[in-house]
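Good morning, and thank you for making time for this item. I would ask you to keep the sequence and the model open while I speak.

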Amino acid sequence: MDRLQRISGHVVSAMSVADSTAFLSPQPTSMAGAQPDDSDVVICCAIRTPLAKAKKGGFKDTAPEEMLAALFKAIVERTKVDPKEIGDIQIGNVLQPGASGLTSRMSQFLGGLPFDIPLSVVNRQCSSGLQATANIAAS
């Protein structure tokens, strides 16, 4: 299964020497010649929460809502997208209580996103972020 390699092949990581921030730049794919369509899914920013040891690491006392709210704020700041234009939110996670629906929804509010944006959560042991992307693309 080379799903991750295929998707990651669409973008390439480039480090900015000045501020050591990773950015993604689009790369040509086999679909690069296709005509744009209103139903196209566009990944305009890719950010993830930090990693640490479960229940032992540097974030053991940080609520998941705080981490995800910071992610929402960073996405809006980096992309300059109007939050009212966001049509759907899909969160990929693993091992959150209650499949993380409540914590993700609270993070949406804490992150300054409007309450009327639909949100759903994928709780998958492996590749939850990839599954969340596939769900949005298929909807």
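**Surface, fold and core**

The protein exposes about 10,200 Å², of which carbon and sulfur atoms supply 58%; accessible areas come from the Shrake-Rupley method with a 1.4 Å probe, and for residues only the protein chains shown count as cover. This is a predicted model, in which local features need pLDDT of at least 70 and side-chain atom pairs count only at pLDDT 80 or more, while totals for chains, interfaces and linings use all residues. Residues are numbered from 1 along each chain as its sequence is written, and side-chain values use heavy atoms, with hydrogens and water left out.

Let me turn to the fold. The protein has four helices and four strands, and along the sequence they follow the pattern α-β-β-α-β-α-β-α. Helices (H or I, at least four residues) and strands (E, at least two) are DSSP runs, numbered from the N terminus. Of the 139 residues, 17% count as buried, where buried means under 20% relative accessible area, exposed over 50%, and partly exposed in between, with a 1.4 Å probe and protein chains only. A contact is a pair of heavy atoms within 4.5 Å; of the contacts with a separation of 6 or more, 59% join residues 24 or more positions apart.

Which residues make up the largest nonpolar core? They are L68, L71, F72, I89, I91, L113 and I117, seven in all. Here α2 (64–79) and β3 (89–93) each supply at least two residues, and α2 gives the most, with three. By definition, such a core is a set of buried Ala, Val, Leu, Ile, Met, Phe, Trp, Tyr and Cys residues joined through side-chain atoms within 4.5 Å. In soluble globular proteins, nonpolar side chains tend to be buried together.

Next, helix α2 itself. With 16 residues at 1.5 Å a residue, α2 should span 22 Å, and its end C-alpha atoms are 23 Å apart, which agrees; the expected span is 1.5 Å times one less than the number of residues. Within α2, M67, L68, A69, L71 and F72 are buried, and their cover includes β3, α3 (101–110) and β4 (119–123). S107 lies in α3 and is buried, at 1% relative accessible area. Leaving aside neighbours within four places in sequence, S107 is in contact with P64, E65, L68, A69 and F72.

In β3, four of the five residues are buried. β3 pairs with β4 in the parallel sense over five bridges, pairing being assigned if DSSP finds at least two bridges between two strands. G92 has V122 in β4 as its bridge partner. I91 touches L68, F72, S104, L119, S120, V121, V122 and A132, not counting residues up to four places away in sequence.

Two local points remain. K80, in the loop between α2 and β3, takes a positive phi of about 60 degrees just after α2, and K80 is exposed at 65%. Most residues other than glycine have a negative phi.

How many salt bridges are there? The count comes to one, a salt bridge being a side-chain nitrogen of Lys or Arg within 4 Å of a carboxyl oxygen of Asp or Glu. D61 forms it with K60, the closest N and O atoms being 3.2 Å apart. D61 is exposed at 69% relative accessibility, whereas K60 is partly exposed at 48%.
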